[in-house]
Amino acid sequence: MEHKIDILVIGGTEAYNLDREDIGTIVDDVRLETPYGLANKISIMDIGKDKLVGFMSRHGEKGYSVSAPFVNSRANIYAGKELGARRVLSWNGAGAISPHITPGDYVIIDDYIDMTKKRDYTYYVGKGYGFIRQNPAFCPECRVALLEAASEFEPRTFDGGVYVCTEGPRLETKAEIRAYSMWGGDVVGMTIIPELYLAKELEMCYASLTYISNFAEGSNRLGNANGSIFSAMLPDDVAKRMKDSTKKLPIIFKNAMIKLLDEHNCCCDHSMDVYKNRGDINNDWHTWITVPSK
């Protein structure tokens, strides 16, 4: 590869409307063909630390063209690894379940409940390995960087929260939101799974910032019978704060990456050591995966 990146940022909802130059100077745009299909475009960026980073819009380049259940996460994470990324940082819009969270807030999630059903969760189909620990669920070092960077711009940045990932594209029922609340869910969305699993399988760090774009469907937080899933159904002042929170994301992620480029002390790049030590795999990650038959 002509360019190597150290970190891949996967932007969620609204990524297609933001100016990528707010993160860094674009030096190239690439789309890689992978064993799992064509990955989304990655903009290679210089953020001034003598290392390059990459940015990808999860849902497409021109609006929300691919909904969460149909994103080709295996291709996207593979492409980031192929370009040299050791870390993956993502953002995602989600609905608030917990009463202390409101649209416009940031939550640096630290755990999740997986309610998805039909996604491609692993690179190791048919293999005798891939039992990756989920404790901690997210890279602690990356979480701290996101927390510090977000807190500089938004006082209502929460350190920790449980993300309930649903299958979609349908939204949740009132009964489901009540159940998720009783289970300890704080926010509900559709995007971090299987990105998180796949990154860990390739020994990459993964952490995510959730910005609250709405109240959870059916939560009745506005005191009406219809719920409040989209910003058009929110009061003007709440909708404005939510929109303003998305505009801060490029500088937040730039600052988080600058912090991370100077250190790498976590253990995420050792997640497959048990299989290396017992001789199941070697050090070339390309040989670990199951390549789909054509």
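Colleague: Just opened this one. How do strands E1 and E7 pair, and over how many bridges?

Modeller: Strand E1 (residues 5-11) pairs with E7 in the parallel sense, and four bridges link them. Strands here are DSSP runs of E with at least two residues, numbered from the N terminus, and two of them pair if DSSP finds at least two bridges between them. Keep in mind that this is a predicted model, in which local features need pLDDT of at least 70, side-chain atom pairs count only at 80 or more, and totals for chains, interfaces and linings use all residues. Residues are numbered from 1 along each chain as its sequence is written, and side-chain values use heavy atoms, leaving out hydrogens and water.

Colleague: Okay, which residue of E7 does Ile7 stand opposite?

Modeller: Ile7 faces Arg87 in E7.

Colleague: And E13, how many bridges join E7 to that one?

Modeller: Ten bridges join E7 to strand E13, which covers residues 205-215, and these two strands run parallel. To find a spot to look at, go to Gly95: Asn214 in E13 stands opposite it.

Colleague: What about E12, is its pairing with E7 parallel or antiparallel?

Modeller: Antiparallel: E7 and strand E12 (residues 187-189) are joined by two bridges. There, Ala96 stands opposite Val187 in E12.

Colleague: New topic: how many residues of E7 are buried?

Modeller: Nine of the ten residues in E7, which spans residues 87-96, are buried. Buried means under 20% relative accessible area, with a 1.4 Å probe and protein chains only.

Colleague: So what does that say about E7 and the rest of the structure?

Modeller: Because nine of its ten residues are buried, E7 is largely enclosed by the rest of the structure.

Conventions: Buried < 20%, exposed > 50% of the residue type's maximum accessible area, 1.4 Å probe, protein only.
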